[in-house]
Amino acid sequence: MTAPDVADVVVVGAGVIGLTSALALAQSGVRDTVVADRLPADTVSAIAAAIWEPYDAYPKDLVLRWSVESLARFTELAADPDTGVAQREGVVLQRVPGRTAWWAGDVVAARAAREDELVDGAVSGEVCTVPVIVMPIYLEWLLGECVREGVAFEWRSLESLDDVGHGDCPIVVAAGLVAGALTGDTRLVPVRGQIVRVANPGLTRWYIDEDNARGCTYVIPRADDVICGGTNEPGETDRTPDSTVAQSILAAASKLEPRLADAAVLADVVGLRPGRDEVRLDVGEHAGRRVVHSYGHGGAGVTTSWGVAGDVVRLVSEGRAGVTER
């Protein structure tokens, strides 16, 4: 994967936002190069539970539009087992009478959960089918698609946007938390998330229980494992898994699905999500170069990725028609 001397566009970052944007740009006819300090498998995207859900990202109207556009794409990809995407039915549990998931029904077809489908004291719920993405497989697929489309890669770190190179072509900053240092954006904050990955004892149905008194709880079965989560701690930067937290996560998950109580633990994992009060997807300028910012997707990076990539392509194609900041 050798980079050309000069690209039409440089994408900084090789997580799910960066790779999806690079692929969409290449498919639109743009010759682009990805510059990143780590392989996709080493990014926070690789450890995401990656169920389609517009979670912890703002503003809701834009996040919803990006998520709907991504949902259509993931639904298509689920037909190809090589992508790591599968459609799975599950339940969004509710513990407050009258409450429903804000996206269920209007965006995703859903029905009310039957009494026998409610677990651990939930008072109601919505049953729906959404994509679940096995991120190590999916990121490898994305990387392969980028290579097939002619995207070049440079695996190196940047001290600043001055180090990007490639003449004065536009830059897409899709570098997750690293974007804060590259752009001076103090609104971007780490959000610590811990999950536990266990062997799958034969589960197919997922559960999301955001109002659990033990903390936000989710059980996401995949082919060979189950992601149990999780924490959402803004401002925390410690990447070391906490064994006490892991036990609490497993205890809460086992209340939703008792078969998890005896499942073998495969890994305790911590990732730092790129949190921001609003996703930054806009156009700025650095040293005379147009810069498209695309970061701060919080817990919805995978869920919004294809919709966001479409907007990145649009902003790149608009040239210097206008500069906006948010």
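Is Trp52 buried or exposed, going by its relative accessibility? Trp52 is buried (under 20% relative accessible area, with over 50% counted as exposed and partly exposed in between, for a 1.4 Å probe and protein chains only), because its relative accessibility is 1%.

## Basis of the model

The model is predicted, so that local features need pLDDT of at least 70 and side-chain atom pairs count only at pLDDT 80 or more, while totals for chains, interfaces and linings use all residues. Residues are numbered from 1 along each chain as its sequence is written, and side-chain values use heavy atoms, with hydrogens and water left out.

## Aromatic contacts

There are four aromatic pairs in the structure, a pair being two rings of Phe, Tyr or Trp (its six-membered ring) with centres within 6.5 Å, called stacked when the planes are under 30 degrees apart, edge-to-face when over 60, and tilted for the rest. One of them is the edge-to-face pair of Trp52 and Trp103, with 5.5 Å from centre to centre and 85° between the planes. This pair links distant parts of the chain, 51 residues apart, since Trp52 belongs to the loop between strand E2 (32–36) and helix H2 (60–77) and Trp103 to the loop between strand E3 (85–94) and strand E4 (110–112); helices (H or I, at least four residues) and strands (E, at least two) are DSSP runs numbered from the N terminus. Trp103 is buried as well, at a relative accessible area of 2%.

Tyr138 and Trp141 make a stacked pair, 5.8 Å centre to centre with 20° between the planes. Because these residues are three apart in helix H3 (residues 135–148), about one helical turn separates Tyr138 from Trp141. Both Tyr138 and Trp141 are buried, and together with Phe74 they form one aromatic cluster.

## Pocket and cavity

The second largest pocket has a volume of about 280 Å³. It is lined by 18 residues, of which Glu53, Ala101, Trp102, Trp103 and Glu210 are the closest to its centre. On a 1 Å grid over the protein atoms alone, a pocket is an open set of points with protein on both sides within 12 Å along at least five of seven lines, a cavity is a set where a 1.4 Å probe fits but cannot get out, and lining residues have an atom within 4 Å of a point. Grid points are joined across faces, edges and corners, and a volume is the space filled by probe spheres set on the points. Strand E3 gives the most to this pocket's lining, with three residues.

The largest cavity, with a volume of about 30 Å³, is lined by Tyr55, Cys216, Tyr218, Gly230, Thr231, Asn232 and Arg273.

## Backbone geometry

Most residues other than glycine have a negative phi, and most peptide bonds are trans. The bond joining Tyr58 and Pro59 is cis, with omega about 0°, and Pro59 is found in the loop between E2 and H2. A cis bond also runs from Gly229 to Gly230, where omega is near -15°; Gly230 lies in the loop between strand E11 (225–229) and strand E12 (233–234).

Asp56, although not a glycine, has a positive phi of about 55°; Asp56 is in the loop between E2 and H2 and is partly exposed, with a relative accessible area of 23%. Asp120 likewise has a positive phi, near 50°, and is partly exposed at 26%.
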